[in-house]
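Dear colleague,

Please find below the sequence and structure that I am handing over to you. My notes on what was found follow directly after.

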Amino acid sequence: MSVERSICPDIYHPAVARDGLLTRLRIPGGVLNESQCLEIAHLVEITGLEYIQVTNRANLQLRALSRDLDNEVLTKLTDCGLAATNTAVDGIRNILISPTAGIDSQELCDVRPLADAWHEYLSHHSELGVLSTKFSVGFDGGGSVGIVDRPNDITLLAVGDHEFSLHLGIGERGSAPLPVGVRLELDECLPMLGAIAQSYRQGIEELGGDVRRKPRLRDVIRHYGLAGFSDRVQREFTGSRRFIFKNLGLDRDSCGANGSALAETQCEHHLGVHPQSQAGFWYLGVVLPLGRWTIDQIKGLGQIAARSGSDNLRLTPWQNIIIPDVTTANLERVQRLVADLGLVQTANHPSSLLRACAGATGCQFSATDTQADAIALANYLATNFTLDRPLNIHFSGCDKSCAQHDHADITLWGDDRHTQLPGRYRLSIGGVTAEFGQEESDLLPPEKVPISIGKLIAAYHDLRLDPQESFSTFTNRQSLIQLQQILHAV
Ligand code: SF4
């Protein structure tokens, strides 16, 4: 097996991280069955790890491996559909779909067949193996749990029964793709994706660059200009439609069918119990704290899905899992079985909307041990508070914000300008409102994070105008000085 190292690994090419080798299993569409779960559990067991982690692209990753996976393991993974049969394209199978595709009562179109067709296309186009392993394509069915705000290179958003708006990643790094003024019929989607991917490939070949840091699609588009790139795609497009890409910014095509605005977080919408579009069936959104999925939980959820669902689990880009197709008669029992695995199912639990990047144990750029600090905070909040509304808290070891690109209710950024490791945290509170940490005294040492954030939440509970006032509305009503007094109150 090749051991070429990448900064964004696939199963055949692990990356070197601070804590060992890092490898990723691309799960197109995030869909798993029980036999795949058993294979994943076995993989975690033989590597001596305690858990696998669901990523914010609804893939799976293993950290801290002591050696490469051997050929026997890779063959087993391939045989059960967890690795590409065409090794050249394993790394570019980042295919994200609405995790409630086919069961969402609000969706306009079930995008699963489209995602399968794109996966099939990639399998037969080895030449696309030169694309960046970060290349990602999303399919949003326009329902209540959308992925149009996820930072894919390309997203097709259903805007009608069989009509899609094309979005391209032409904004800043980490931002959602934007509509480019092209609407496609269902049968035009695959030819358009193929034409964009081939134009991107040609752009990479012309631009060259470090094999470890290949140009992203946005770099190629910037190089040619949007109109120039549009011309190139038109030449590759096998359909009859004429088009010119235009940057429409945030227009009505930026929204899902439920009217949810671009970049509005939808991360809690899928948690808990929800009725499906099929009468008498329910789906259950289950929380995996920081995306961690232990061996017993992998086997357990796989078994629950096989015996009480449709042998189908959905990974979400919010690092959680959905069990679809549970009948009304089975619902209570399934909830009990999930709880027996130590997993919560409510968006109000402190673990539900907690995000953390790899942190100092896994990433050389991190000033703090984000994962450990996030877990310490979740445990403190779970012991001391009953949250009555979901709260999204994001820990990032540096300003790159790998774990969550959009704003959280509370963001803590690792900062080691004033200290050696362990660094301290700079805070942003209430989304875009207050940002602390320009002064050294504003920075929070990791050990003070739980009690300080606890004070903030206690103040929110005590002082909000009414139970419906959101955390960000409450914190936006406070001045910077008031927030500082709350955080640093003795
Ligand atoms: S956010 Fe920074 S510290 Fe965290 S994983 Fe990304 S690069 Fe590393």
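**Sheets, helices and ligand shell**

Strand β4 (residues 51-54) pairs with β13 in the antiparallel sense over 3 bridges; two strands count as paired if DSSP finds at least two bridges between them. Strands (E, at least two residues) and helices (H or I, at least four) are DSSP runs, numbered from the N terminus. Within this pair, Y51 has T294 of β13 as its bridge partner.

This is a predicted model, in which local features need pLDDT of at least 70 and side-chain atom pairs count only at pLDDT 80 or more, while totals for chains, interfaces and linings use all residues. Residues are numbered from 1 along each chain as its sequence is written, and side-chain values use heavy atoms, with hydrogens and water left out.

Both strands belong to an open sheet of 5 strands, ordered β1-β2-β5-β4-β13, with antiparallel pairing. Its edge strands, each pairing on one side only, are β1 (15-17) and β13 (292-294). On average, neighbouring strands of this sheet are turned by 35° against each other, direction ignored. Helix α7 packs on the sheet and touches β4 and β13, its direction making about 80° with that of β13. Contact here means heavy atoms within 4.5 Å; axes are lines fitted to C-alpha atoms, for helices over the stretch in contact, and angles run from 0 to 180 degrees between N-to-C directions.

Helix α7 (residues 295-308) also packs with helix α8 (residues 328-340), at an angle of about 170° and with the axes 10 Å apart. That makes α7 roughly antiparallel to α8, a term that applies to angles over 145 degrees. From α7, the contact involves L301, I304 and S308; from α8, it involves N330, R333, V334, L337 and V338. These residues divide into 5 nonpolar, 2 polar and 1 charged. In this classification Ala, Val, Leu, Ile, Met, Phe, Trp, Tyr, Cys and Pro are nonpolar, Asp, Glu, Lys and Arg are charged, and the others, Gly among them, are polar.

A further open sheet has 5 strands in the order β6-β7-β8-β9-β10, with mixed pairing. At its edges are β6 (94-97) and β10 (178-185), each pairing on one side only. Neighbouring strands are turned by 20° against each other on average, direction ignored. Strands β8 (residues 154-160) and β9 (residues 163-168) run antiparallel and are joined by 6 bridges, and L156 stands opposite L166 in β9.

Helix α4 (residues 186-207) lies across β7 (136-140), β8, β9 and β10, at about 130° to β10. The 22 residues of α4 reach 32 Å from first C-alpha to last, close to the 32 Å expected at 1.5 Å a residue; the expected span is 1.5 Å times one less than the number of residues. After α4 comes G208, with a positive phi near 70°.

Helices α4 and α5 (residues 217-224) pack at about 75°, their axes 9 Å apart. They are therefore roughly perpendicular to each other, the term for angles of 65 to 115 degrees. Among the contact residues are I196, Y200 and I204 of α4 and L217, V220 and Y224 of α5. By class, this contact has 7 nonpolar, 4 polar and 2 charged residues.

Finally, the ligand is surrounded by C357, A358, C363, F365, S366, S396, G397, C398, K400, S401 and C402, each with a heavy atom within 4 Å of it. This shell has 6 nonpolar, 4 polar and 1 charged residues.

With kind regards

Notes
Parallel < 35°, antiparallel > 145°, perpendicular 65-115°, else oblique.
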